Amino acid sequence: MAETSTSGTDTIEALSLVPKAGARQSMKDFKSDQEVRWCPGCGDYAILAAVQGFMPELGLARENIVFVSGIGCSSRFPYYMNTYGMHSIHGRAPAIATGLAATRRDLSVWVVTGDGDALSIGGNHLIHALRRNVNLKILLFNNRIYGLTKGQYSPTSEVGKITKSTPMGSLDAPFNPVSLALGAEASFVARTIDSDRKHLTGVLREAAAHPGTALVEIYQNCNIFNDGAFDALKDQHGAQEAVIRLEHGQPVRFGPDSGRGVVRDPLTGDLEIVTVTPDNEDRILVHDAHAASSATAFALSRLADPDTLHHTPIGVLRSVERPVYETRMAEQLDAAVEQHGKGDLAALLAGNDTWTVIG
């Protein structure tokens, strides 16, 4: 279940994040003594409850779990988890978590961030964590607004969005976080919804078991500054037409009686929505989350209309195996020690001058 690295001065066991049997912890064990301070009705409450309820499945001691956040409403998260945690600086949570995961492979490291924190000031850190495949689980709360600073448009706000900072409507085309992650060669990419506890927990379970970076976009309602942003995906009747639930190995069908489906256009190669008939049923796309190429997953991520969210895929879009960054780093360190012996940090710091100043 675990692999051992002998790099550095201590032997550190690298965890396999597959949940272990026999865990005796409960949701209560992961609740801190801090008062939860989000606006009443905020979607963050539902996500917090789902994460606290899921944590016992990991079977890990709480001191081996760390939550790192940036700045924003979602970034209060570490205060409410009875684990180690850090409320860091704006956009830098992936960078800080990368350093932690690379040097402490005995830890399960989670990043909690928002659409502004991750995709604006933190965009550079996010894409490099994804491409490196650091062993992090990144929960990206997307409410399509800046909530903490009182309602400015964010990198995921739709074109024309009227806010305090865009009184005549936003001119910016929004990011699609799932498309962005797939473009950065993320090895695990998923999307879920705050109010769907069962689906959210299932996605968390798969993300935790994945070796490497797992990015989970969570649609999260901000009932103060962007209320109802995801109503199209939550309405019992409308959601049947709006939500495409992806399951690996299953045909991509949705709608009442699964009467709608996704096919590939034979001429352009693009994906399109069709009404399922006997004539086209054999053309319905079968979802392959483990495909080596991310092309189809990317095409699925582009189905959703950015304004109406009609035809939004949820679930695991991609889950593939790639070398994990810190494992390869430890292998290099072990090879260096074998070839040259252990280094002397004190000697390095107090060593010879690296340049000469000529007056």
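Over residues 16–20, under what value does pLDDT stay, and how many contacts beyond four places in sequence does the model have for them? In this predicted model, pLDDT stays under 50 over residues 16–20, and the stretch has 16 contacts beyond four places in sequence. A further stretch, residues 1–12, also has pLDDT under 50, with 29 contacts beyond four places in sequence. For the chain as a whole, the average pLDDT is 92, and 94% of the residues score at least 70.

The secondary structure of the chain comprises twelve helices and 13 strands. About 75 × 60 × 45 Å is spanned by the C-alpha trace along its principal axes. Among contacts in the chain with a separation of 6 or more, 66% are accounted for by residues 24 or more positions apart.

Eight strands form an open sheet with mixed pairing, in the order β4-β3-β5-β6-β8-β7-β13-β9. Strands β4 (84–87) and β9 (243–245) stand at the edges; each has a single partner strand, so one side of each is left without a neighbour in the sheet. From one strand to the next, the twist averages 20 degrees. Within this sheet, β3 (residues 65–69) and β5 (residues 108–114) are paired in the parallel sense over five bridges, and S69 has V112 in β5 as its bridge partner.

Helices pack on this sheet. Helix α1 (residues 44–54) touches β3, β5, β6 (136–142) and β8 (214–219), and its direction makes about 160 degrees with that of β6. Helix α3 (residues 93–103) lies across β3, β4, β5 and β6 and runs at about 180 degrees to β5. Helix α3 also packs with helix α5 (residues 123–132), at an angle of about 35 degrees and with the axes 7 Å apart. In this contact, P94, A95 and T98 of α3 meet H125, L126 and A129 of α5. The contact residues of α3 and α5 comprise four nonpolar, two polar and no charged.

Two hairpins involve strands β10, β11 and β12. Strands β10 (residues 253–254) and β11 (residues 260–264) run antiparallel and are joined by two bridges; F254 has R260 in β11 as its bridge partner. Five residues lie between β10 and β11 in their hairpin, where G255 in the turn has a positive phi of about 85 degrees. Strand β11 also pairs with β12 (residues 271–275), in the antiparallel sense over five bridges, and the bridge partner of G261 in β12 is V274. The hairpin of β11 and β12 has six residues between the strands, and G269 in its turn has a positive phi of about 80 degrees.

The surroundings of one loop residue, Y146, were also examined. Y146 lies in the loop between β6 and α6 (177–183). Its relative accessibility is 22%, and Y146 therefore counts as partly exposed. Residues up to four places away in sequence not being counted, Y146 touches G116, S120, G151, Q152, Y153, S154 and P155. Along the chain, Y146 and F225 are 79 residues apart, whereas their C-alpha atoms are separated by 8.1 Å.

Conventions
Residues are numbered from 1 along each chain as its sequence is written. This is a predicted model: local features need pLDDT of at least 70, side-chain atom pairs count only at pLDDT 80 or more; totals for chains, interfaces and linings use all residues. Side-chain values use heavy atoms; hydrogens and water are left out. Two strands pair if DSSP finds at least two bridges between them. Helices (H or I, at least four residues) and strands (E, at least two) are DSSP runs, numbered from the N terminus. Axes are lines fitted to C-alpha atoms, for helices over the stretch in contact, and angles run from 0 to 180 degrees between N-to-C directions. Contact means heavy atoms within 4.5 Å. pLDDT is the predictor's confidence in each residue, from 0 to 100. Ala, Val, Leu, Ile, Met, Phe, Trp, Tyr, Cys and Pro count as nonpolar, Asp, Glu, Lys and Arg as charged, and the others, Gly among them, as polar. Buried means under 20% relative accessible area, exposed over 50%, partly exposed in between (1.4 Å probe, protein chains only).
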